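Here is a walk through one structure, taken a site at a time. Keep the sequence and the 3D view side by side, and follow along as each residue comes up.

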Amino acid sequence: LHIPPQDIIKLLPSYDYIIVGGGVAGLVIANRLSNRPDVTVLVLEAGGLDSSPDIITVPGLIGHGFIPSYNWNFSTAPQEFLDNNTRYYDQGHVVGGGSILNGLIMTRGAKADYNAWEALGNPNWNWHHMIHYFKKSERFSPPDLCSDQADTLHIHPQKAYHGTKGHLKVGYSNFFYNQSANFLQGLSELGIPILDDPNIGISAGASIAPASMNTKKQSREDSRRAYLDHVLNRPNLHLASEQTVTRILMGPAVTSPNFNNSNPLKMAYGVEFATSASSPRTKITCNKEVILSAGAIVSPALLQVSGIGPAAILKDLNVSIQIDLPGVGANFQDHPMVHAFYNYTAPGLFSTKNLTGATLQQVEQEYFTNRTGPWTHPLISTIAFPHLSHLLSSSSFPNLLSSNLSFSLPPHLAPYPTLQKGYLAQLKLLQSLLANPTVGAVEVMADSIGTLTVSVQHPLSRGFVRALSPDLLLNNSLNQTIHIDPRYCSHPLDCDLLLHGLKLNSRLISTSPMQNLQPRPPFPWNMTDDETILSEAIRSQIVTEFHPSGTTSMLPLEYGGVVNPRLMVYGTTNLRVVDAGVIPLLPSAHLQAAVYAIAERAADIIKKDERLKNGEEEQEGPSHHPVPGGEGNGIPIGPGVVTGPQRNNHH
Ligand SMILES: Cc1cc2nc3c(=O)[nH]c(=O)nc-3n(C[C@H](O)[C@H](O)[C@H](O)COP(=O)(O)OP(=O)(O)OC[C@H]3O[C@@H](n4cnc5c(N)ncnc54)[C@H](O)[C@@H]3O)c2cc1C
């Protein structure tokens, strides 16, 4: 049932599960949990239902801007390591969240990216387990192209790596611009491999990426259409839209029979929400769990205003401390990105620039009549993830372990030993990821007019998110009450990698396949001097790739973690976070495939924990195990937490 704001009275007095945020992760969980008719599920979403406007559904209109009401319209703090200017930070504020705004690109990253999550102290969070959930989430369609075109573009997906029974439709558009082939051939000339399928665990290479799209209709596929619309008639599933959650209600400490610790666990008993700053706050209780899926920006802020976060920040906010958890809002990672423009000028070249006047009318008609033509093609399909060795000679590979910590961690968080330790553990893994020939160091995304967008895939910079007011809805704008600071290039290697990425672009446009496009880059993209590139093309041009993550990291407590491998917030019995914020280390990929898979897995974990609680299933191994360093810091770890190689928890 969809409950619009005027019908809020229709809410039940309590629900078994309350999901905060109906974006990518939230709607996966809502679908999977509500398939048991005996449990009740409520999704509270700040945005409304989209009205299927063309700008959302038509792949060819990606990049034409966002509808303001579907966007949180966040912006960052001034970027002190760049040019001291703020950056826009668009995030979905609509049922479906980021999947309504995103570019449809479906990439998973490298096997090694996910094995690094396990190496950070998260047993069974590795490629082997992720691939199961990548497949579970997707309904993959092979390309509908003639074999010549598929061969030219190297589109040969490997069946064994794709799911065909999941909810999310994934496939290919049936139109490609010719420039895609020039890009792939040019990179091949530079020794960069072309991948027939970018989603089999090797990210280093160039490819045509599949898209989250309904291939029959050649239209956007998002989490609402994939996971929600067809189950909203379930009587046990309620979606309340245009309701902003302002607080998680934490009850008094409880003692758990499963947990033998002098520090009792805290229990979430519900949430508080409102339609607007001026409307009354409503409280609703949960019988089982609260699941935070408000995304990597809002979920940590909600924890903080609810008394869970670094004690110093909670004191500043004047909220009573429920759990002193330094990692809440820390370990913020994003892929910094630069839209470099090389301006293809070859006469007769067909690109999105031609989509004006009569041609545009024809393209529009073709799309709506036949579902063919340029409007079926998303802004970006053609990408590459060059490895470090494609950018630098191996003798100049950086030694990350000599990094200066005081630089890389936000000053107010640097003193926390757990955060330092967690960052050092990440640096060690980043060192080996960057050296791994299957892992991309940067990404290059090619459009049809000559933009070769470069982004850093394994950033070393760490930012933070913090609530600025205990009332997130103050003045009706979370943009005023949440401070977002990605601290781009606080570690200088991130800007250096962008520099090497732009130099790779210069080599690429000099290859003969790319010269056929007659690139004529304007300033600053035609510059060759490092200092000019850094100041004019990088520090002043970096924007977000829209991949915030890490702010509620799944990490051991001793590494500054916020959730355990069962995605339960440390120190609580029934408060989980399931969204991009739990990603402890960014993969060399766009994020939606990983978030869909994490949420699918989380749903299985939640159901399994419920069965264990009810004694319906034998618990494998010991009932709880301290995570490394989990003892002695005063925070109980929570029931159902098991770590260590002895547990073989196949979902
Ligand atoms: C412009 C853009 C382009 C992108 N392009 C791509 C791409 O091409 N490929 C790709 O793989 N990824 C892409 N991404 C990233 C991808 O969409 C995100 O990683 C993904 O949406 C994250 O899912 P999530 O569930 O963590 O958060 P979201 O999908 O952002 O969901 C969070 C939801 O919670 C709601 N919410 C927040 N606070 C509250 C509150 N207090 N109360 C109630 N509800 C709340 C929000 O309104 C939102 O609906 C893009 C993202 C953006 C924004």
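V94 sits in the loop that runs between β5 (88-89) and α3; helices here are DSSP runs of H or I with at least four residues, strands are runs of E with at least two, and both are numbered from the N terminus. This is a predicted model, in which local features need pLDDT of at least 70 and side-chain atom pairs count only at pLDDT 80 or more, while totals for chains, interfaces and linings use all residues. Residues are numbered from 1 along each chain as its sequence is written.

V94 is buried, because 28 other C-beta atoms lie within 10 Å. The scale is simple: 20 or more other C-beta atoms within 10 Å of a residue's own make it buried, 12 or fewer make it exposed, and anything in between is partly exposed, with C-beta atoms placed from the backbone. Leaving out residues up to four places away in sequence, V94 touches G47, G48, D50, Y70 and I100, where contact means that the C-beta atoms, placed from the backbone, lie within 7 Å.

Why start with this residue? The unreviewed UniProt entry places the feature "binding site" at V94 and V245; UniProt positions are given in the numbering used here, feature names are shortened, and annotations may be inferred rather than shown by experiment. The two annotated residues span 152 residues in sequence, yet no two of their C-alpha atoms are more than 13.9 Å apart, so they gather at one spot. V245 belongs to strand β12 and counts as buried, with 25 C-beta neighbours inside 10 Å. Apart from residues up to four places away in sequence, V245 touches V20, L44, V271, F273, A294 and L302.

Back in the loop between β5 and α3, look for D90. D90 is partly exposed, with 19 other C-beta atoms within 10 Å. Residues up to four places away in sequence aside, D90 touches F66, N71, L101 and F546.

Now turn to the ligand. Which residues come closest to it? Of the 41 residues that surround the ligand, the closest are G21, G23, G97, G98 and G103. The elements giving two or more residues to this shell are α1 (24-33), α3 (98-101), β12 (244-250), α9 (295-305) and α19 (592-613). Among these, α9 gives the most, with four residues. By type, the shell divides into 19 nonpolar, 19 polar and three charged residues; Ala, Val, Leu, Ile, Met, Phe, Trp, Tyr, Cys and Pro count as nonpolar, Asp, Glu, Lys and Arg as charged, and the others, Gly among them, as polar.

The unreviewed UniProt entry also carries the annotation "active site", which covers H547 and H590. These two span 44 residues in sequence, yet no two of their C-alpha atoms are more than 7.2 Å apart, so they gather at one spot. H547 is found in the loop between β23 (543-544) and β24 (575-577), and H590 in the loop between β24 and α19. H547 counts as buried, with 26 C-beta neighbours inside 10 Å, and H590 counts as buried with 27. Neighbours within four places in sequence aside, H547 is in contact with D334, H335, L586 and L591. H590, with residues up to four places away in sequence set aside, touches I105 and T107.

Finally, a helix pair deserves a look. α16 (residues 492-509) and α18 (residues 530-539) pack at an angle of about 100°, their axes 10 Å apart; axes are lines fitted to C-alpha atoms, for helices over the stretch in contact, and angles run from 0 to 180 degrees between N-to-C directions. α16 and α18 are therefore roughly perpendicular to each other, on a scale where angles under 35 degrees count as roughly parallel, over 145 as roughly antiparallel, 65 to 115 as roughly perpendicular and the rest as oblique. In α16, C495, L498, L499 and L502 meet D530, I533, L534, A537, I538 and R539 of α18. The residues of this contact divide into eight nonpolar, no polar and two charged.

Conventions. A residue is near a molecule or strand if its C-beta atom, placed from the backbone, lies within 6 Å of it. Two residues are in contact if their C-beta atoms, placed from the backbone, lie within 7 Å.
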